[in-house]
Amino acid sequence: YGFGIGAQFQPRNHTFTWRPQAPGYKTGKEEKGGGRPETGKQRPRGRHEAMAVGGATTFPFPRIWKLYAPHGNRVNLLPLLLIVLLCSASYFFGMYQNARGSVNTTSSSSSSVPCFSSPAVRVSAGNSSSAPANTALDFEAHHGAEESEGQAAPAARDYPPCDVNYSEYTPCEDVQRSLKFPRDRLLYRERHCPEKEELLKCLVPAPHGYRTPFPWPTSRGVAWFANVPHKELTVEKAVQNWIRVDGDKFRFPGGGTMFPNGADAYIDDIERLVPLRDGSIRTAVDTGCGVASWGAYLLSRNVLTMSIAPRDSHEAQVQFALERGVPAMIGVLASNRLPYPARAFDMAHCSRCLIPWHLYDGLFLLEVDRILRPGGYWILSGPPINWQKHWKGWQRTQEDLGAEQDAIEAVARSICWKKIKQVGDIAVWQKPTNHIHCKASRKLIQSPQFCPAQQNADSAWYTKMETCITPLPEVGELREIAGGQLPRWPERLTAVPPRIASGSLNGVTAETFMEDSKLWQRRLGYYKTIINQLGQPGRYRNLLDMNAGLGGFAAAFGDDPVWVMNVVPTAAADTLGVVYERGLIGMYQDWCEAMSTYPRTYDLLHADSVFTLYRDRCDMEDILLEMDRILRPEGTVIFRDDVDILVKIKSHADRMKWDTQIVDHEDGPHQREKILLAVKLYWTASGPGQAESGEPAP
């Protein structure tokens with residue numbers, strides 16, 4: 001409280017006495033002890049009438065403190081002004097504290113979650129629930145080639161570790177569950193996900209001795225044995241130069257079944273038939289990829305390959321590819337379409353992939369035709385190509401192999417592909433740039449016919465393949481490329497994609513596309529300020545964007561030595577075709593189910609509004625447990641979402657052996673959207689006779 005100049009506060013009898021000190025005034029004398037001053041006889045006073053006492057004016061207001069009094073005919077406004085200033089300051093300080101202070105969770109834990117806007121978040125391993133407000137997260141890898149002393153992981157709380165037998169668990173490609181389904185056409189190798197009551201409520205462990213994978217490009221040729229402890233391929237493919245064991249490491253010489261001299265030499269042979277360095281070919285798909293050496297060595301030519309193979313008797317081949325830092329996923333051609341949009345890839349490849357292209361009325365080749373861009377290439381090596389030379393080694397008759405090649409050639413002609421050339425063990429076909437001639441030819445070629453125009457060519461989540469040709473977009477003249485001409489790489493990354501330029505993507509224009517690109521450039525720049533290691537080559541290699549939109553997050557990395565799997569959720573608008581037109585790769589995925597990949601696939605997960613999107617579709621807990629399964633130890637997660645959702649996510653994540661911290665939006669603390677950073681702590685399955693390990697292997 002503020003008072004006038006010269007005022008004196010006397011607490012006794014709750015009476016405030018105002019004594020002016022200005023010249024010309026005389027002060028009276030009060031009784032000692034603070035009682036009422038002597039005044040003699042006085043007339044009765046009204047309730048609010050002042051008493052003049054010896055030159056002083058007294059206000060007998062019980063329990064009320066008078067804040068000002070008349071000074072002649074003037075009113076002293078200084079106390080009132082001071083109060084207003086103090087109240088205003090208190091109000092604005094409260095607003096500031098509310099914006100930057102703690103956010104109370106409504107969960108049973110009732111813990112407070114501080115929001116931070118630290119310019120650089122370093123990180124130290126530990127339990128976030130007991131960490132002080134200024135604890136920084138540790139994004140560094142600690143269990144790589146040069147080992148350091150690790151800290152023991154906290155004991156499991158609500159989410160215990162799964163049994164060590166689940167260390168390579170792939171829920172939708174589980175070997176035991178697959179045995180319940182027909183063997184015909186490899187149907188049992190397709191996705192067969194567990195029912196809700198079968199879902200695991202535990203954390204899939206890394207194998208004992210797991211270490212952080214080698215950084216790229218070293219990882220292309222070497223991986224830790226402890227991370228994928230399988231020797232089967234080293235024996236089965238020994239003469240084919242796929243993989244070999246070297247002490248505590250695997251070595252990948254770069255060989256393959258049809259290229260024992262190495263993938264580089266094999267790709268050089270392909271390059272004599274197909275232009276690989278002029279930027280016209282950017283995206284490729286390798287069916288039956290093995291350990292993905294073809295895709296690994298194409299990266300040096302700026303060709304980004306989606307390598308796919310089933311989980312079959314070649315144990316962990318896709319897992320080896322991912323350990324090498326090469327894009328790969330579990331996939332098979334059986335009855336469902338591959339989870340990619342139409343016109344996605346510039347090139348498709350099969351090197352002794354053992355897919356029966358000539359059977360089932362050419363069904364599998366028709367699916368390759370669907371996902372190939374106009375003018376795209378299909379490369380086939382291995383049986384039956386060059387059977388005249390290899391038929392004895394393949395242990396098949398000349399008649400059988402000759403008939404198979406004739407059948408494949410016939411299917412390719414029926415879908416209007418042109419055979420470019422066959423040299424040695426390699427044959428190349430090219431898809432037409434439009435369907436003007438192909439539609440005219442249906443008068444002579446009765447099968448296959450074109451699929452109905454109203455059929456969605458991009459639909460590919462549990463969509464059945466059909467024995468019909470997926471029609472290309474209409475064109476006005478013979479030389480026009482259906483769907484639009486793509487710029488060459490790298491201009492393709494930032495140019496407006498044809499699907500947007502043509503207006504075929506509702507609500508997205510060239511202007512909104514450019515704005516989205518700029519937005520993600522700014523957001524990635526902000527991420528790099530709060531995660532120091534994100535801007536440092538080698539710390540992160542395999543990245544997953546769980547809600548990719550137009551691919552802006554992946555595009556913002558530019559030439560950084562990372563690759564991003566761009567997932568377009570089935571619950572979101574279908575933008576995956578745009579992602580591929582930018583020269584990026586991705587897939588469709590329903591996050592209510594597990595992803596077709598091995599545990600410990602990714603170094604970093606990016607979840608932009610994923611939990612808002614799936615809020616009423618499935619349990620948050622199940623999505624988070626799947627994220628934990630596919631995230632590597634000491635991997636990072638970036639959540640972007642409404643603050644209330646992030647608080648709920650944090651309540652689960654803090655019980656999953658993750659360190660977490662909420663930080664402000666890049667536009668400041670007043671945005672409801674916040675960012676939750678998480679780091680998965682290092683822990684592994686126990687070794688023989690040991691408890692769960694939180695330290696590196698000796």
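Tutor: Let us begin with a definition: a residue is called buried when its relative accessible area is under 20%, exposed when that area is over 50%, and partly exposed in between. Please also keep in mind that this is a predicted model.

Student: Is Asp628 buried or exposed, and why?

Tutor: Asp628 has a relative accessible area of 0%, and therefore it is buried.

Student: Which residue does the side chain of Asp628 meet in a salt bridge?

Tutor: A salt bridge requires a side-chain nitrogen of Lys or Arg within 4 Å of a carboxyl oxygen of Asp or Glu. Asp628 meets Lys680 in this way, with 3.9 Å from N to O. The two partners belong to distant parts of the chain, 52 residues apart: Asp628 is in helix H17 (residues 620-630), and Lys680 is in strand S25 (residues 673-680). Lys680 counts as buried because its relative accessibility is 3%.

Student: How many residues of H17 are buried?

Tutor: Ten of its eleven residues are buried, so H17 is largely enclosed by the rest of the structure. Among the buried residues are Met620, Ile623, Leu624, Leu625 and Ile630, and also Asp622, Glu626 and Arg629.

Student: Which residue forms a salt bridge with Lys674?

Tutor: The partner of Lys674 is Asp664, and their closest N and O atoms are 3.2 Å apart. Asp664 lies in the loop between strand S24 (658-663) and S25, whereas Lys674 lies in strand S25, so the pair ties together parts that are ten residues apart in sequence. Both Asp664 and Lys674 are buried. Salt bridges can also share partners: Lys196, Lys201, Asp619, Glu621 and Asp622 are joined into one network in this manner.

Student: How many salt bridges does the structure hold?

Tutor: The structure holds 37. A further one is formed by Arg301 and Asp264, whose closest N and O atoms are 3.1 Å apart. Arg301 is found in the loop between helix H5 (293-298) and strand S13 (304-309), and Asp264 in helix H4 (residues 263-271), so this pair ties together parts 37 residues apart in sequence. Arg301 counts as buried because its relative accessibility is 7%. Asp264, by contrast, has a relative accessible area of 34%, so it is partly exposed.

Student: What is a disulfide, and how many does the structure hold?

Tutor: A disulfide is a covalent bond between the sulfur atoms of two cysteines. There are six in this structure. When the bonded cysteines of the chain are numbered in sequence order, they pair as 1-4, 2-3, 5-6, 7-8, 9-10 and 11-12.

Student: Which link is left-handed, with -90° about the S-S bond?

Tutor: That is the link of Cys350 and Cys353. Their sulfur atoms are 1.9 Å apart, and both residues are buried. A right-handed link, with 85° about the S-S bond, is that of Cys416 and Cys438. This pair links distant parts of the chain, 22 residues apart: Cys416 is in the loop between helix H9 (398-414) and strand S17 (418-423), and Cys438 is in helix H10 (residues 436-441). Cys438 is buried because its relative accessible area is 2%.

Student: Where are Cys592 and Cys618?

Tutor: Cys592 is in the loop between strand S21 (585-589) and S22, and Cys618 is in the loop between helix H16 (610-613) and H17, 26 residues apart. Their sulfur atoms are 2.3 Å apart in a disulfide, and the link is left-handed, with -85° about the S-S bond. Cys592 has a relative accessible area of 32%, so it is partly exposed.

Student: Which strands are joined to S19 by bridges?

Tutor: Strand S20 (residues 563-569) is joined to S19 by four bridges, and the two run parallel. Strand S22 (residues 602-608) is joined to S19 by three bridges, again in a parallel arrangement. Asp545 stands opposite Asn566 in S20, while Leu543 has Leu604 of S22 as its bridge partner. Both faces of S19 (residues 542-545) are covered: Asn542 and Leu544 are buried on one side, and Leu543 and Asp545 on the other.

Student: Which residues make a nonpolar surface patch?

Tutor: Leu78, Leu81, Leu82, Leu85 and Leu86 make a patch of about 500 Å². Leu86 lies in helix H1 (residues 78-100), and it counts as exposed because its relative accessibility is 53%.

Technical notes: Residues numbered from 1 in each chain as written. Predicted model: local features only at pLDDT ≥ 70, side-chain atom pairs only at ≥ 80, totals over all residues. Heavy atoms only, no water. Patch = residues over 30% accessible without salt bridge, like charges linked within 9 Å, V, L, I, M, F, W, Y side chains within 5 Å. Areas by Shrake-Rupley, 256 points an atom, 1.4 Å probe, with all protein chains shown as cover. Buried < 20%, exposed > 50% of the residue type's maximum accessible area, 1.4 Å probe, protein only. Pairing = 2+ DSSP bridges. Disulfide = S-S within 2.5 Å.
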